Amino acid sequence: MKLSILDQSPVSEGSTPAEALAQTVLLAREAERLGYHRFWVAEHHAAPGLAGSSPEVLMAHLAAVTSEIRIGSGAVLLPHYSAYKVAENFRVLEALYPGRIDLGVGRAAGGGALSARALQDNRVNPEDIDRYEQQLKELIAYLHESDETGAAEPPHRYAGLQATPAVSTAPEIWLLGSSGDSAALSARLGTRYAFARFINGNGGAEAVQEYANSFAPSLAAASPQALVAIFAVCAAASEEADRLAASMDLSLVLLEKEHLSTVTPSVETAMNYTYTPYDRFSIKDNRKRMVVGSPSEVREQLQALAEEYRCGELMISSHIHSFEDKLTSLRLIAEACGLTRRV
């Protein structure tokens with residue numbers, strides 16, 4: 001089983017966004033040393049609790065300070081942008097770090113309505129019909145076009161236009177989603193697929209299996225490849241892991257109430273918060289989106305998840321308030337799951 005990391009550069013209570021980004025860099029270097037397979041960073045806008053607003057820029061730095069681990073976006077929010085510009089951004093990254101770049105794409109807004117409109121400010125009509133599937137087709141074409149002719153297969157709206165720089169390899173394209181619709185789209189277009197269990201804790205195994213069964217080979221991928229992403233908290237004892245997870249419990253409760261990401265609260269803040277009965281219900285339901293426990297308990301939960309989804313790779317994300325506790329969690333998980341450390 002491969003293990004990877006999604007880091008959303010969460011800002012902890014009492015900390016700053018700049019510190020959150022610096023911790024993401026430290027985390028990527030430690031993830032590489034511990035033997036994690038990939039390290040992805042996210043895109044969020046007007047989100048006080050999440051510092052990562054430009055994954056491409058952050059990826060360039062992360063790839064520069066690591067040497068082997070795959071670096072990717074989880075995800076670039078494609079509807080906001082030109083497929084051509086995204087393709088060129090990632091061709092530059094691939095040219096600089098060949099064979100190490102992942103292009104994860106998604107369709108979420110990544111913020112509120114105001115930030116979404118600002119990101120699409122150059123559109124003649126921001127209310128234009130959804131072109132997400134067409135954008136994905138164009139992105140695949142730009143990244144896999146023939147360098148000899150400058151033509152793309154399948155052709156796109158600007159046939160003959162070549163995304164530069166011309167490089168001999170291409171980043172892996174992953175479609176990110178949390179529903180059967182996204183899985184079906186990924187299978188139809190022949191991309192790799194990442195299911196966000198940390199967003200939707202109810203089901204998903206059926207969608208991933210249907211993706212594998214319906215996969216149509218393409219220029220982007222010859223065979224189906226899926227991973228599942230989930231929140232994870234690990235500590236030496238299960239009671240301590242449960243205590244650390246209280247920060248994530250409260251974060252998700254506040255997100256549901258305020259529809260805006262807030263800084264990750266300390267364990268003390270979470271313990272002293274006055275929860276309503278509905279909050280308690282939400283916390284119990286949200287725990288379906290997490291694996292929490294001692295090293296052996298987390299290993300068993302991850303193994304069960306891999307078997308349920310029939311996939312060989314899991315991606316974990318941790319919104320633990322203390323950075324030292326987060327590092328400890330990732331180290332314990334790596335050791336429990338038998339990852340091979342890099343020198």
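**Thr274**

I looked up Thr274 and found this residue in the loop between α10 (267–272) and α11. Helices here are DSSP runs of H or I with at least four residues, strands are runs of E with at least two, and both are numbered from the N terminus. I recorded Thr274 as exposed, because its relative accessible area is 68%; buried means under 20% relative accessible area, exposed over 50%, and partly exposed in between, with a 1.4 Å probe and protein chains only. I then took the C-alpha to C-alpha distance from Thr274 to Ser294: the two are 20 residues apart in sequence and 27 Å apart in space.

**Model and confidence**

I note that this is a predicted model, in which local features need pLDDT of at least 70 and side-chain atom pairs count only at pLDDT 80 or more, while totals for chains, interfaces and linings use all residues. Residues are numbered from 1 along each chain as its sequence is written, and side-chain values use heavy atoms, with hydrogens and water left out.

I checked pLDDT, the predictor's confidence in each residue on a scale from 0 to 100. The protein chain has a mean pLDDT of 93, and 95% of its residues reach 70 or more. Over residues 147–152 I found pLDDT under 50 throughout, and for this stretch the model has 12 contacts beyond four places in sequence; contact means heavy atoms within 4.5 Å. Where pLDDT is low, the predicted coordinates should not be read in detail.

**Helices α9 and α11**

I examined helix α9 (residues 246–258) against helix α11 (residues 277–286): their axes come within 10 Å and cross at roughly 115°. The axes are lines fitted to C-alpha atoms, for helices over the stretch in contact, and angles run from 0 to 180 degrees between N-to-C directions. I noted the crossing of α9 past α11 as right-handed; a crossing is right-handed if the near helix is turned clockwise from the far one by less than a right angle, and left-handed if anticlockwise.

On the α9 side, Asp249, Leu252, Val253, Glu256 and Lys257 make the contact, and on the α11 side Tyr278, Asp279, Ser282, Ile283 and Asn286. Ala, Val, Leu, Ile, Met, Phe, Trp, Tyr, Cys and Pro count as nonpolar, Asp, Glu, Lys and Arg as charged, and the others, Gly among them, as polar.

**Helices α5 and α6**

I turned to α5 and helix α6 (residues 180–189), which pack at an angle of about 35° with their axes 11 Å apart. Here α5 passes α6 in a right-handed crossing. I listed Tyr132, Glu133, Leu136, Lys137 and Ile140 of α5 as making the contact with Leu185, Arg188 and Leu189 of α6. By class, this contact of α5 with α6 has five nonpolar, no polar and three charged residues.

**Gly190**

I located Gly190 in the loop between α6 and β7 (192–196). Gly190 counts as buried because its relative accessible area is 0%. Beyond its neighbours within four places in sequence, I found Gly190 in contact with Phe215, Ala216, Ser218, Ala220 and Ala221. From Gly190 to Ala22, 168 residues apart along the chain, I read a C-alpha separation of 35 Å.

**Thr66**

I placed Thr66 in the loop between α2 (55–64) and β3 (70–73). Thr66 is buried, since its relative accessibility is 8%. I found a polar atom of the Thr66 side chain 2.7 Å from the backbone oxygen of Leu62. The side chains of Thr66 and Arg100 are joined by a polar contact of 2.6 Å; such a contact is a pair of N or O atoms within 3.5 Å, where within protein one must be able to donate a hydrogen and the other to accept it, and residues adjacent in sequence count only if both atoms are side-chain atoms. With neighbours within four places in sequence left aside, I list Ala28, Arg29, Glu32, Ile71 and Arg100 as contacts of Thr66.

**Backbone geometry**

I noted a cis peptide bond between Gly74 and Ala75, with omega about 15°. Ala75 is in the loop between β3 and β4 (76–77). The peptide bond from Thr164 to Pro165 is also cis, with omega near 0°, and I found Pro165 in the loop between α5 (132–143) and β6 (172–177).

I recorded a positive phi of about 50° for Ala46, which is not a glycine. Ala46 lies in the loop between β2 (38–41) and α2, and is exposed, with a relative accessible area of 60%. His259 has a positive phi near 55°. I found His259 in the loop between α9 and α10, exposed at a relative accessible area of 68%.
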